[in-house]
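Please read them with the sequence and the coordinates open beside you.

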Amino acid sequence: MQTTASFTQQDGLFIDGHLHAFIEQQLCKQTTLECNDVYQALATLVDEFGCQCRKNKHFDNDSLDVQTLLHAYQVEHNHPHCHVDAQTTTAVLDEYCCQVPAIIVVSLMDTLSGTPSDEHNAKAIYQRAATLTNRPCMYRATLNNANAA
């Protein structure tokens with residue numbers, strides 16, 4: 001594990017120090033997953049979905065900062081809303097030090113924390129996160145009609 005400034009290098013990614021601590025001290029202990037498995041899953045998600053999410057990005061300079069991300073899980077215990085094709089995050093950088101799409105980090109965090117999400121167009125990412133971590137898929141499609149049952 002190599003640490004530079006406030007980032008830690010894991011599986012070719014640079015993880016913000018605060019997020020790294022949260023993953024190691026809280027998420028991995030709650031889920032009984034090895035931390036290396038979490039970082040490997042994150043790297044796989046970035047490899048498999050990063051280009052697709054970046055290609056569709058239509059909001060320049062729209063990023064989910066690490067404090068907002070952590071506040072959602074540590075304080076609110078809720079999913080931080082982010083658009084699949086809109087945001088990147090400052091919490092994780094790829095091997096070229098570019099921000100990764102926020103939905104990739106959020107889908108893994110939701111999967112590990114058991115936080116449901118209905119994030120539009122993110123079903124495939126959530127399903128893959130579940131497969132990689134051997135956890136239930138936290139993606140929930142919302143009903144178009146609230147009276148339907």
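1. Helices here are DSSP runs of H or I with at least four residues, strands are runs of E with at least two, and both are numbered from the N terminus. The model is a predicted one, and by this assignment the protein has five helices and six strands, which follow one another from the N terminus in the order β-β-β-α-α-β-α-β-β-α-α.

2. Of the 149 residues, 46% count as buried, while the accessible surface of the protein comes to about 8000 Å², with 46% of that surface belonging to carbon and sulfur atoms. Among contacts with a separation of 6 or more, 62% join residues 24 or more positions apart.

3. Helix α2 (residues 35-55) packs against helix α4 (residues 102-113) at an angle of about 140°, their axes lying 9 Å apart. Because angles over 145 degrees would be needed for roughly antiparallel, α2 is classed as oblique to α4. The contact draws on residues of α2 including Ala 41, Leu 45 and Phe 49, and on residues of α4 including Ile 104, Leu 108 and Leu 112; the crossing of α2 past α4 is right-handed.

4. Thr 133 belongs to helix α5, which spans residues 123-133. Its relative accessible area is 3%, so Thr 133 is buried, the cut-off for that class being under 20%. A polar atom of the Thr 133 side chain lies 2.8 Å from the backbone oxygen of Ala 129.

5. Leaving aside residues up to four places away in sequence, Thr 133 touches Leu 33, Ala 41, Leu 108, Thr 111 and Leu 112. Of these, Ala 41 of α2 and Leu 108 and Leu 112 of α4 also take part in the contact between those two helices.

Conventions: Residues numbered from 1 in each chain as written. Predicted model: local features only at pLDDT ≥ 70, side-chain atom pairs only at ≥ 80, totals over all residues. Heavy atoms only, no water. Buried < 20%, exposed > 50% of the residue type's maximum accessible area, 1.4 Å probe, protein only. Polar contact = N/O pair within 3.5 Å; in protein donor to acceptor, adjacent residues only side chain to side chain. Contact = heavy atoms within 4.5 Å. Areas by Shrake-Rupley, 256 points an atom, 1.4 Å probe, with all protein chains shown as cover. Axes fitted to C-alpha atoms, helices over the stretch in contact; angles between N-to-C directions. Parallel < 35°, antiparallel > 145°, perpendicular 65-115°, else oblique. Left-handed = near helix turned anticlockwise from the far one by under 90°.
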